[in-house]
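Please look at the structure before reading on.

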Amino acid sequence: MSPTVESALAFILFLPSFAILGALYCMFPRQPRSAWRTLADLAVVLLSGALSIAAMRWAFGMVAGEGRIWQQIVATLLAYGVFLALLTLAIFVRARLLRAR
(Lines give C-alpha, C1' and ligand atoms only; values in the text may rest on other atoms or scores of the structure.)
Protein backbone atom coordinates (compact mmCIF):
# COMPACT_ATOMS: atom_id res chain seq x y z
CA MET A 1 0.00 0.00 0.00
CA SER A 2 1.20 3.49 -0.77
CA PRO A 3 2.57 5.33 2.31
CA THR A 4 0.39 8.33 1.50
CA VAL A 5 -2.78 6.25 1.37
CA GLU A 6 -1.74 4.27 4.44
CA SER A 7 -1.27 7.41 6.52
CA ALA A 8 -4.61 8.83 5.31
CA LEU A 9 -6.55 5.59 5.77
CA ALA A 10 -8.04 6.66 9.10
CA PHE A 11 -9.54 9.78 7.55
CA ILE A 12 -10.69 7.94 4.43
CA LEU A 13 -12.49 5.32 6.50
CA PHE A 14 -14.26 7.91 8.65
CA LEU A 15 -15.06 10.33 5.83
CA PRO A 16 -18.70 9.12 5.52
CA SER A 17 -19.20 9.59 9.28
CA PHE A 18 -17.60 13.02 9.14
CA ALA A 19 -19.86 13.98 6.21
CA ILE A 20 -23.01 12.86 8.04
CA LEU A 21 -22.06 14.63 11.27
CA GLY A 22 -21.05 17.77 9.38
CA ALA A 23 -24.34 17.82 7.48
CA LEU A 24 -26.34 17.37 10.69
CA TYR A 25 -24.36 20.17 12.33
CA CYS A 26 -25.15 22.49 9.42
CA MET A 27 -28.83 21.52 9.20
CA PHE A 28 -29.91 21.85 12.84
CA PRO A 29 -31.34 24.03 14.27
CA ARG A 30 -33.22 25.03 11.15
CA GLN A 31 -33.99 28.59 12.23
CA PRO A 32 -32.65 31.27 12.24
CA ARG A 33 -30.79 30.73 9.00
CA SER A 34 -28.68 33.60 7.70
CA ALA A 35 -25.70 34.00 5.41
CA TRP A 36 -23.27 34.47 8.31
CA ARG A 37 -24.51 31.29 9.96
CA THR A 38 -24.19 29.23 6.77
CA LEU A 39 -20.64 30.46 6.21
CA ALA A 40 -19.72 29.97 9.87
CA ASP A 41 -21.13 26.42 9.86
CA LEU A 42 -19.20 25.50 6.75
CA ALA A 43 -16.04 27.04 8.18
CA VAL A 44 -16.44 25.01 11.39
CA VAL A 45 -16.92 21.75 9.47
CA LEU A 46 -13.92 22.44 7.21
CA LEU A 47 -11.75 23.47 10.16
CA SER A 48 -12.79 20.34 12.06
CA GLY A 49 -11.87 18.21 9.07
CA ALA A 50 -8.52 19.93 8.61
CA LEU A 51 -7.59 19.64 12.29
CA SER A 52 -8.75 16.02 12.26
CA ILE A 53 -6.35 15.29 9.40
CA ALA A 54 -3.54 17.07 11.23
CA ALA A 55 -4.21 15.08 14.42
CA MET A 56 -4.40 11.85 12.44
CA ARG A 57 -1.05 12.48 10.74
CA TRP A 58 0.56 13.43 14.05
CA ALA A 59 -0.78 10.29 15.75
CA PHE A 60 0.33 8.11 12.85
CA GLY A 61 3.89 9.35 13.25
CA MET A 62 3.78 9.27 17.05
CA VAL A 63 3.30 5.48 17.23
CA ALA A 64 5.48 4.61 14.23
CA GLY A 65 7.50 1.97 16.07
CA GLU A 66 4.57 0.19 17.72
CA GLY A 67 3.27 -1.76 14.73
CA ARG A 68 1.15 -0.98 11.71
CA ILE A 69 -2.23 -1.84 13.23
CA TRP A 70 -1.63 0.40 16.25
CA GLN A 71 -0.73 3.26 13.94
CA GLN A 72 -4.16 2.96 12.31
CA ILE A 73 -6.03 2.52 15.60
CA VAL A 74 -4.46 5.50 17.34
CA ALA A 75 -4.73 7.70 14.26
CA THR A 76 -8.40 6.81 13.80
CA LEU A 77 -9.28 7.41 17.44
CA LEU A 78 -7.51 10.75 17.55
CA ALA A 79 -8.94 11.94 14.22
CA TYR A 80 -12.49 11.05 15.27
CA GLY A 81 -12.02 12.54 18.74
CA VAL A 82 -10.72 15.85 17.41
CA PHE A 83 -13.55 16.12 14.89
CA LEU A 84 -16.22 15.42 17.52
CA ALA A 85 -14.62 17.69 20.11
CA LEU A 86 -14.52 20.65 17.72
CA LEU A 87 -18.10 20.10 16.55
CA THR A 88 -19.30 19.82 20.15
CA LEU A 89 -17.51 23.01 21.11
CA ALA A 90 -18.96 24.75 18.04
CA ILE A 91 -22.49 23.62 18.97
CA PHE A 92 -22.25 25.37 22.34
CA VAL A 93 -20.67 28.50 20.86
CA ARG A 94 -23.30 28.67 18.13
CA ALA A 95 -26.13 28.21 20.63
CA ARG A 96 -24.79 31.08 22.71
CA LEU A 97 -24.45 33.32 19.64
CA LEU A 98 -27.96 32.46 18.42
CA ARG A 99 -29.44 33.28 21.83
CA ALA A 100 -27.65 36.63 21.82
CA ARG A 101 -29.15 37.65 18.48
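D41 is buried, with a relative accessible area of 2%; buried means under 20% relative accessible area, exposed over 50% and partly exposed in between, found with a 1.4 Å probe on protein chains only. The model is predicted, so local features need pLDDT of at least 70 and side-chain atom pairs count only at pLDDT 80 or more, while totals for chains, interfaces and linings use all residues. Residues are numbered from 1 along each chain as its sequence is written, and side-chain values use heavy atoms, with hydrogens and water left out.

D41 lies in helix α2, which covers residues 35–62. Helices here are DSSP runs of H or I with at least four residues, strands are runs of E with at least two, and both are numbered from the N terminus. The side chain of D41 makes a polar contact with the side chain of R94, at 3.3 Å. A polar contact is a pair of N or O atoms within 3.5 Å; within protein, one must be able to donate a hydrogen and the other to accept it, and residues adjacent in sequence count only if both atoms are side-chain atoms. Setting aside residues up to four places away in sequence, D41 touches Y25, C26, R33 and R94, where contact means heavy atoms within 4.5 Å.

C26 belongs to helix α1 and counts as buried, at 17% relative accessibility. Beyond its neighbours within four places in sequence, C26 is in contact with R33, R37, D41, L42 and V45.

**How the helices pack**

Two packed helices are described by the angle between their axes and the distance between the axes. Axes are lines fitted to C-alpha atoms, for helices over the stretch in contact, and angles run from 0 to 180 degrees between N-to-C directions.

| Helix pair | Angle | Axis distance |
|---|---|---|
| α1 and α3 | about 25° | 9 Å |
| α1 and α2 | about 160° | 10 Å |

α1 is therefore roughly antiparallel to α2, whereas α1 and α3 are roughly parallel to each other. Angles under 35 degrees count as roughly parallel, over 145 as roughly antiparallel, 65 to 115 as roughly perpendicular and the rest as oblique.

The crossing of α1 and α2 is right-handed, and α1 also passes α3 in a right-handed crossing. A crossing is right-handed if the near helix is turned clockwise from the far one by less than a right angle, and left-handed if anticlockwise.

On the α1 side, the contact with α2 includes F18, Y25 and C26, and on the α2 side it includes R37, D41 and L42. By class, the residues of this contact of α1 with α2 divide into 13 nonpolar, four polar and four charged. Ala, Val, Leu, Ile, Met, Phe, Trp, Tyr, Cys and Pro count as nonpolar, Asp, Glu, Lys and Arg as charged, and the others, Gly among them, as polar.

**The loop and the whole chain**

Most peptide bonds are trans. The bond from F28 to P29 is cis, with omega near -10°, and the bond from Q31 to P32 is cis, with omega near -10°. P29 is in the loop between α1 and α2, and P32 is found in the loop between α1 and α2 as well.

The chain has three helices and zero strands, in the pattern α-α-α along the sequence. Its C-alpha trace spans about 50 × 20 × 15 Å along its principal axes. Of the 101 residues, 30% count as buried.
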